[in-house]
Amino acid sequence: MSTPPPGYDQAVYYAPGWQPAAARTEPLAVAAIPTGLLLGPVGVGVGAAALARIRRDGTRGVGLAWAGIALGLATSLTAIAVTVALLLGGAATRALPADVSAPQDAHARQLVLGNCLAELPDDGAVTTVRVVPCGDPHEAQVVARTDFSTDSVWPGQDGADAKVSRVCVPAVLADDVDPAGIELSVWTPSEDSWAEGDRTGLCLAATPVLTEGSLID
């Protein structure tokens, strides 16, 4: 008579070819995969519950449970990243009040007629600017704004510049403002920012020295 392999009860007769029944797969471990993929945090919970049952009952499915947890974490992190991106994108296009109550950094697309800038950025692409109350010392102010329609076709850089230039003239300044020494600058969408939805054209007036108050009525 042969000796039963380790783990077999020697008091029990084993017929030739007979093997003990394989442990069943934990259903929660199986459910953790689609749940983690579709519901994120719920899948993490289901996978953790599956591991607890596997340890308690001796069932199979450890790999499935961990896979569900990993998918749940990945789905959750992706959802968080998308939400943050949407919130930041919305904040970058939300218009400012004409005169802010306190200094703040803002995206150029948030600027509206009347906003005052602590300083005029150098020529080139402009993204973030420092907006201050017009009663504070500042170097520049948005004195005109014209927006392209949302469904308009990219007019080319020269075409965009020409449209905004038509409203960027000394006549937009207040009657009591001497235009001598004031530099008018045209800000227009670039082809890249146009593709991202930028339709804002601005005219900024910069003074030779810091000034307080508004340059427009």
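Modeller: Gladly! Helices (H or I, at least four residues) and strands (E, at least two) are DSSP runs, numbered from the N terminus. This is a predicted model, in which local features need pLDDT of at least 70 and side-chain atom pairs count only at pLDDT 80 or more, while totals for chains, interfaces and linings use all residues. Residues are numbered from 1 along each chain as its sequence is written, and side-chain values use heavy atoms, with hydrogens and water left out.

Colleague: How many helices and strands does the protein chain have?

Modeller: There are 5 helices and 6 strands. Their order from the N terminus is α-α-α-β-β-β-β-α-β-α-β.

Colleague: What makes Leu37, Leu38, Leu39 and Val42 a patch?

Modeller: Patches consist of residues with over 30% relative accessible area and no salt bridge; nonpolar side chains (Val, Leu, Ile, Met, Phe, Trp, Tyr) are joined within 5 Å, like charges within 9 Å. Areas come from the Shrake-Rupley method with a 1.4 Å probe, and for residues only the protein chains shown count as cover. Leu37, Leu38, Leu39 and Val42 make a nonpolar patch of about 410 Å². Helix 1 (residues 27-39) gives the most to this patch, with 3 residues, and Leu39 lies in helix 1.

Colleague: Which residues form the negative patch?

Modeller: Glu119, Asp122, Asp123 and Glu183 form that one. Asp and Glu count as negative, Lys and Arg as positive, and His and the chain ends are not counted. The place of a charge is NZ of Lys, CZ of Arg, CG of Asp or CD of Glu. Asp122 sits in the loop between strand 2 (116-117) and strand 3 (128-132).

Colleague: Why is Asp122 called exposed, rather than buried?

Modeller: Exposed means over 50% relative accessible area, buried under 20%, and partly exposed in between (1.4 Å probe, protein chains only). Asp122 has 66%, so it is exposed. Glu212, in the segment after strand 6 (200-211), is at 56% and therefore also counts as exposed. Of the 217 residues of the protein chain, 31% count as buried.

Colleague: How do you know that Glu26 and Arg53 form a salt bridge?

Modeller: A salt bridge needs a side-chain nitrogen of Lys or Arg within 4 Å of a carboxyl oxygen of Asp or Glu. For Glu26 and Arg53 the closest N and O atoms are 3.7 Å apart, so the pair meets the rule. Glu26 is in the segment before helix 1 and Arg53 in helix 2 (residues 41-57), 27 residues apart. At 1% relative accessibility Glu26 counts as buried, whereas Arg53, at 38%, counts as partly exposed. By this rule there are 5 salt bridges.

Colleague: What distance separates the closest N and O atoms of Arg109 and Asp198?

Modeller: They are 3.9 Å apart, and the two form a salt bridge. Arg109 is in the loop between strand 1 (104-107) and strand 2, and Asp198 in the loop between helix 5 (191-195) and strand 6, so the pair ties together parts 89 residues apart in sequence. Asp198, at 8%, is buried.

Colleague: What makes a set of residues a nonpolar core?

Modeller: The set holds buried Ala, Val, Leu, Ile, Met, Phe, Trp, Tyr and Cys residues joined through side-chain atoms within 4.5 Å. The largest such core has 15 residues, and Leu111, Leu117, Val131, Trp187 and Leu204 have the most contacts inside it. Strand 3, strand 4 (138-147) and strand 6 each supply at least two residues of this core. Strand 6 gives the largest share, 3 residues.
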